Amino acid sequence: MKLEHEVVQDLYPLYIENDLTPSVKTAVDGHLEECEACKKFYETGEKTIQLNDMEEPAVSKALDDKIILKMKLIRLRLISVVLAGILFSMVFTDYINEREQLFMATDGYYDVLGQMDRVIDAVKNNEQTIFDSYEMNRFIEYNNDLTNHMNFIEEYYKNSTEFSLILNTQRLNAMLEVMKTRFNQGRWSETDETAYQALKEYLQSHRQDFREDYEKTHHGYSSYLHILDVKEMDQFYENVNLLTYSYTRFHKMPDQIEPLKELELKGRIADSLNIDQAELELEKESPVNDIYVYRFENKNGYGGEIDAVTGQITEYFGDTGPLTDGPIMDQEEAEKKARLYLEKIYGKDINLELVSLGFNFNSSANDSRYKVYSFKAVPKVQGYTLYTPFETETILNLNARNGELESFQHNPDVPSFEQLDTVNLPALSDKTGDKKAVVIYSALTGNFELVYMEPDLQHFDEGKFISAKTGLEEKIYLDHF
């Protein structure tokens, strides 16, 4: 391969940088051995003759293409380096901004943890009748800010925790409300005091632990490299969520709650719904909103939910075959089947009044041939009706063609009916006036209570129950969310 003098001298920068391909470098070296002018130029960098006057050997087009390609690659490398620098600068700037947002969130979060003591202290403050929701709202706000501005490492740790830094504030508010009422009415018990002190201890301990994160996010440039101790933070959320759950549902401490084993739960499901136990699969729901709740399915993908603490099946959806074809069974026969299902689910000892709701209660089916018998099951305790508000009732839907259980919904305002027959109801006075006596599941005692209320259930006003035993105000079960 022979090269022109101008080409050899133009290749000088690439030759010096050793960026020539082996074949081109060999051609240049060959030219330098024969051409004194070009050799001197490579040694001194100075031209000594007019290259235009010299004979110019022909050079192949392929070599021109190689050189052009080489120059383009060099240009692309330079552009790539510049773009990478710009991209890094953008990512770095975004990271810094997110970290600074996190630092501001730690300010507010740390401050509100200190103020939350005042919210809890209001339980025993006789002059405080309404809880200050401002600090609770601030807690939610700064908690959201923390989680929204975490980096990918903190996000990974958060997703691997059980409660994902989520606090059920509705249940916490319900717990504080119940405590406040019990304290004002002189019902304060050892359980109340233990739960109250535990809540204060969890909060103070969490603030003390979070202080390290607060300080390290206010420590100059090193703050940008600090990683929040997410797992330690989630321990606080776990403690409070378990405490508020056990207190509001059963008026107990978390260590007094003993959930059933999965094998026991499968046995209850199989016996109640005539499902082969070997076909059942259980999966624990997220504890954020459904503590101790399991989702179950059979091999066909139909199933429901069961509460592991009470062993109560809370909902079920089945596949019962055609709902639009075939003869419709008699109403009386459907009621008998409905009672059999209720006995399997709740046991034979519980007295349940069956109220017919006609066809397709709360159904959105558009096909007029779609037919299910709908029933409401109302527990009766020594002649008194178990009452719950908000139209939350126990509902069964049976396939009107074959009488099989299409769906079931347990009353969400009552954890279980198993304690109904053990309720010790007081003797009622003859002077009840215009009040009606009913049984409720009370948030104040975590048990069933006989109370007086206005006879018109359509105008129910929560909190206006009067205990037949103490004459004090009772509250309905609050943990229905």
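1. Start with D29: at 24% relative accessibility, this residue counts as partly exposed, the class between buried (under 20% relative accessible area) and exposed (over 50%), worked out with a 1.4 Å probe and protein chains only. D29 sits in helix 3, residues 22–34. Helices here are DSSP runs of H or I with at least four residues, strands are E runs of at least two, and both are numbered from the N terminus.

2. A word on what you're looking at. This is a predicted model, with local features needing pLDDT of at least 70 and side-chain atom pairs counting only at pLDDT 80 or more, while totals for chains, interfaces and linings use all residues. Numbering runs from 1 along each chain as its sequence is written, and side-chain values use heavy atoms, with hydrogens and water left out.

3. Now the overall picture. The protein has 12 helices and 13 strands, and 44% of its 481 residues count as buried. Taking contacts (heavy atoms within 4.5 Å) with a separation of 6 or more, 63% are between residues 24 or more positions apart. The accessible surface is about 26100 Å², and carbon and sulfur atoms own 49% of that; such areas come from the Shrake-Rupley method with a 1.4 Å probe, and for residues only the protein chains shown count as cover.

4. Have a look at helix 8 (residues 169–184) and helix 9 (residues 190–216). Their axes come within 11 Å and cross at roughly 135 degrees; each axis is a line fitted to C-alpha atoms over the stretch in contact, and angles run from 0 to 180 degrees between N-to-C directions. Helix 8 and helix 9 are therefore oblique to each other. For reference, under 35 degrees counts as roughly parallel, over 145 as roughly antiparallel, 65 to 115 as roughly perpendicular, and the rest as oblique. The crossing is also left-handed, meaning that the near helix is turned anticlockwise from the far one by less than a right angle (clockwise would be right-handed).

5. Which residues do the meeting between helix 8 and helix 9? From helix 8 there are L172, M175, L176, M179 and R182, and from helix 9 D192, A195, Y196 and L199. By class, this contact has seven nonpolar, no polar and two charged residues. The nonpolar class is Ala, Val, Leu, Ile, Met, Phe, Trp, Tyr, Cys and Pro, the charged one is Asp, Glu, Lys and Arg, and the others, Gly among them, are polar.

6. At 0% relative accessibility, A195 counts as buried. Leaving aside residues up to four places away in sequence, A195 touches M175, M179, L243, Y247 and M253. For the pair A195 and M179, the C-alpha to C-alpha distance is 9.3 Å at 16 residues apart in sequence.

7. T169 belongs to helix 8 and, at 14% relative accessibility, counts as buried. Beyond residues up to four places away in sequence, T169 touches M136 and I140.

8. Finally, two backbone spots to check. L165 has phi near 55 degrees, a positive value in a residue other than glycine, and lies in the loop between helix 7 (152–159) and helix 8. Q382 also isn't glycine and has a positive phi, near 50 degrees; Q382 lies in the loop between strand 6 (372–381) and strand 7 (384–385). Is each one buried or exposed? L165, at 1% relative accessibility, counts as buried, whereas Q382, at 55%, counts as exposed.
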